[in-house]
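This report describes selected features of the structure shown below.

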Amino acid sequence: MKKELIELRINGRTYELAVEPSTLLLDALRQDLGMTGSKRGCDDSSCGACTVLIDGTAMLSCTLLAASVQGREVTTIEGVTEHGSLASIQKSYGEWGGAQCGYCTPGFIMTVKSLLAENENPTEEEIRSALSSNLCRCTGYLQMYQAIKAAIEAERVGMAAVKE
Amino acid sequence: MNNGFSIIGKPTAMVDAAEKTTGAGKYTDDFSLPGMLIGKILHSPYPHARLKSIDTSRAEKLDGVVAVVVGKDAPKTYGILPVGHDEYPLALDKVRYVGDNVACVVAVSEAIAEKALELIDVDYEVLPAYFDPEESMKAEKDLIHDHKAHNIEKDYHHAFGDPELGFAEADQIAEARFIANEVTHAAMEPHSTLASFEIDPHTGKPGRLIVWSSTQVPYYLQHKLSLVLEMPMQQIRVIKPLVGGGFGGKSEVIPLEIIAAVAARKAKAPVKITYTREEVFWAHRGRPRTIIDLKTGVKADGRITAVKARVVQDGGGYCSYGVVTILYSGALLGALYDIPNIQYDGYRVLTNKPACGAMRGHGTVNVRFAFESQLDELAAKVGMDAAEIRQRNLLKPPCITVNGLRVQSYGLPECIEKTVERSGWKQRKGKLPRGRGLGIACSHYVSGAANSIIRSDMPHSTVNIKIDRDGGVVVYTGASEIGQGSDTMTAQIAAEALGCSLSRVRVIAADTDLTPIDIGSYSSRVTFMAGNATLRAANEVKKLIAAAAAKKMNCAVEELVFRDDRVLKNGGTEKNAGEGGSAAKSQATQSQATQAHAAQSEASVSGRVEGQILRGSLQQKRKDEGPKDALTFEEAVVAAIDFHGALTGTGSYAPPPEARGGKHKGGGVGPSPAYSYSAQVAEVSVDEDTGEVTVHKVWAAHDCGRALNPVSVEGQIIGSVWMGMGQALTEEMVWKDGMLMNPGLLEYRSPSSVESPEIEPIIVESIDPEGPFGAKECSEGSLAATIPAIANAIYDAVGVRLHESPFTPERVLAALRAKKNAKSLNLTEGVDPTQPARFREHGGALWFKNKGPIRHRADQPANSTSIGGAD
């Protein structure tokens, strides 16, 4: 198939790249742009390791055509750190053992970002429900809930400090 | 508090946490090299067939295809066990399961490689296949491997004590058949390997091979590559990047790891192969379907008198770890409880399915399910509480069990006590409403196999430490981080021993060029063995630093204490009393600054010519000062390097001879320098209308010796219990005609966050006399108790004892109906789950040519209709 030139807006920057119309967003990210933070864990959108945000909504980049997200704002795990430092959710995932092998972690963090953007203070039920789009084989998920609660608290304290 | 440790015992984020949470960390598939090609493997569509011919010419002609690799490109056998070298990288004469490896296309892109696979013409002579291990054991002809009579890979027959006498003494005997169906690791990262040859500068020809691979065992991979490629080991460098989970699935050499190297040799370019999720399921090496005929006898007081187990494992098409698995299943009947008489008959049987291998709780899990279920039954028979019967059968360590296992630290009594207490067992057991129940079970696991796979006297782990003038500590370890926290454990032990901060320590791990040999991450051996090697290496370096520091501080070596980045005299009592840590440190720095100009020139202790780099202020300062009560870590290091010339240390670990087990045939598997212990209580509810089981909570106490990093320990306990729950309730590999019916993460039904229960990890510390700071394993031992704890809880809830895992709604419902003598719903194809008898195949299309059901006209096989049209 002949390649086409597309323009993607990723993590606030614009990239121009030539891809086949059938190229998946995950492959464009990983292979064409070298952003290997998004992972491939399955081939049928069942594991969530490739989760990215499209205009703030968590979506699976393994089943999205790269060309279809032109004009949208794509956020990948590479765009989560804040000013070169860990975002509170990243830090708390580390501290609370939310990541073991780490392969599913980028996908989970994107899912959590999208959850917290919609719902600042989710209940554990809501967290469980949101995370069920992603699979993890190491943690049993429990330490992730603690990490998410800790991140929410850290954000709250941080915001309060800013307001003072 | 904290027993005087400054690093260990504190909840610590993993040293690689930031890499993982930012996506910056690299896993094998994240690497690419200039000119790299992609490999795709052609798999067998038949479970058992002879390869008559392979014609690759059409594939080779396709534009973009660089090479097609077949069996005769590397006609050498290998296998993880020296007794089980029965695999070729690519099939030479036969295929033995659906998914067996036939050929590999190397092309410039994945799409072209996939297209080329369809152009390879393979002529198969289909052979009768064996799917049921008990049928397979009767085979006389069309054997899966010619040299394995009756398709039996290996059988063992052990008798310890006098089992017959034991049963004669018993007041109650229970006997039943249990079946645990096949499960797989399904680690989130699909296997991936990148292989590349370097050109030798002297010969100008391809020289060294460099392999990046998702492996738990870099050194075994290096060894097997050397066998198959017929290259000396030192010409092969294996690098293990981040690994996205193993659970045993990467603890042996997986076909793609060898195929990628053979392909790179043939294509004369770097080749990367990454499995699809379906290929990961075919590569498998998971926990075999196990049939356990178990008989246990107890006295009226609950004491176990004898156990007899006949175990048949459905091993799949190749040996893999099979011989070890079947031995573990027998050996680990011992070392949990005091059992005076054991009879064990184990059969590892070959079938035409993907090979089974090692999976978390290797060998022990399925037998433990049977045993703990039966013990529950016997407790009821003798009218004893299920927790109490377990307490009646405790070992009295230090001891050597009847089957030759040495037990020293033994936290099981405390594990039982704590779970019973936390779960409210005594108050709540038997008093919950109908449909809700509590169940208890125990388990244990080795902290590393006492005997290595390749028998030799070499240490199982070796660790090097180098400290330079910058005060940075670099630890070189072959131990493989696979997410369990190996690198963090290494850094913690080194930092604790040297009294320096964790941020000073850098861990270089699992690169055969850089790191000394460590046999890998399996059998839960890393903390115990690599941890001990790290501790020994650190202590060796510490001795060098202490010698120099003592001289400089005018005191005896014994007076020194290494702590919080300082070396303190007189045990550091006066200055380090109080708060220690940063407050004391900044004080010390201040007092040094004020003393800096109080000239005391006689204080030089340097035994060697100073280096150039730090000749400036540091040296001057040092000369200006007299003997002090404290040195900073850097000062002590500089003094030591000046004094000794270099600061390096090596430590290694080999299990002591007395921990290596009995002399009987097969006695090498099962012994370990230490065992971890677990006791669990599960609370479940059962819907009697649908058969659905919900696990509400699991209380899991685990004796890990000492918790070096409590966050990691709890994470491992929770993860093990969770994975055990998956096997108990939903996970199962479903077969039809040797074809896997559910090779996807949704169909395999790994529990999501919604289905996952609350798990309360309880850490029990028995402080092992030989473990590093007393530590033992914590990553596998808890898994095995979860399945029987759930089974026993189901019995408590609704009064049915399930003999076949997983406890799916259909099995639970059938058991409930059988109990009521109701007509069977025939959901399980006539197999009564309370009395499982034989291998059960599931529905789904038969897919053999001419053998399947008649297809509807609209539903023809893919190759008979044209797809895609004019594109």
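In this predicted model, the contact between the two chains takes 44 residues from chain B and 42 residues from chain A. On the side of chain B that touches chain A, helices α1 and α20 (710–729) of chain B each supply at least two residues. The most is given by α20(B), with 8 residues.

Helix α2 of chain A, residues 88–95, is mostly covered, with 7 of its 8 residues buried. The buried residues are A:Ser88, A:Ile89, A:Gln90, A:Ser92, A:Tyr93, A:Gly94 and A:Glu95. What covers them includes α3 (105–118) and α5 (142–163) of chain A, together with α1 (17–22) of chain B. After α2(A) comes A:Gly97, whose phi is positive, near 75°.

A:Asn121 is found in the loop between α3 and α4 (124–131) of chain A. Why does A:Asn121 count as exposed? The reason is that A:Asn121 has 10 C-beta neighbours inside 10 Å, and a residue is exposed if 12 or fewer other C-beta atoms lie within that distance. The C-alpha atoms of A:Asn121 and A:Gly140 are separated by 22 Å, while the two residues are 19 residues apart along the chain.

The domains of chain B come next. Chain B is divided into domain 1 (2–16 + 458–653), domain 2 (31–127 + 189–244 + 250–283) and domain 3 (149–184 + 285–452 + 660–819). The centres of domain 2 and domain 3 of chain B, taken over C-alpha atoms, are separated by 36 Å. Their contact takes 21 residues from domain 2 of chain B and 23 residues from domain 3 of chain B. On the side of domain 2 that touches domain 3, the residues divide into 9 nonpolar, 5 polar and 7 charged.

Strand β5 of chain B, residues 101–107, is mostly covered: 7 of its 7 residues are buried.

Two packed helices are described by the angle between their axes and the distance between the axes. The axes of helix α10 (residues 365–381) and helix α21 (residues 783–798) of chain B come within 8 Å and cross at roughly 35°. The crossing of α10(B) past α21(B) is right-handed. From α10(B), the contact is made by B:Val365, B:Arg368, B:Phe369, B:Glu372, B:Ser373 and B:Asp376. From α21(B), B:Leu783, B:Ala784, B:Ile787, B:Pro788, B:Ala791, B:Asn792 and B:Tyr795 take part. An α-helix has 3.6 residues a turn, so residues three or four places apart point the same way. The residues of the contact of α10(B) with α21(B) divide into 8 nonpolar, 2 polar and 3 charged.

Technical notes
Residues are numbered from 1 along each chain as its sequence is written. Chains are lettered from A and ligands numbered from 1 in the order in which they are written. This is a predicted model: local features need pLDDT of at least 70, side-chain atom pairs count only at pLDDT 80 or more; totals for chains, interfaces and linings use all residues. Domain bounds come from an automatic or database domain assignment. Two residues are in contact if their C-beta atoms, placed from the backbone, lie within 7 Å. Ala, Val, Leu, Ile, Met, Phe, Trp, Tyr, Cys and Pro count as nonpolar, Asp, Glu, Lys and Arg as charged, and the others, Gly among them, as polar. A residue is buried if 20 or more other C-beta atoms lie within 10 Å of its own, exposed if 12 or fewer, and partly exposed in between; C-beta atoms are placed from the backbone. Helices (H or I, at least four residues) and strands (E, at least two) are DSSP runs, numbered from the N terminus. Axes are lines fitted to C-alpha atoms, for helices over the stretch in contact, and angles run from 0 to 180 degrees between N-to-C directions. A crossing is left-handed if the near helix is turned anticlockwise from the far one by less than a right angle, and right-handed if clockwise.
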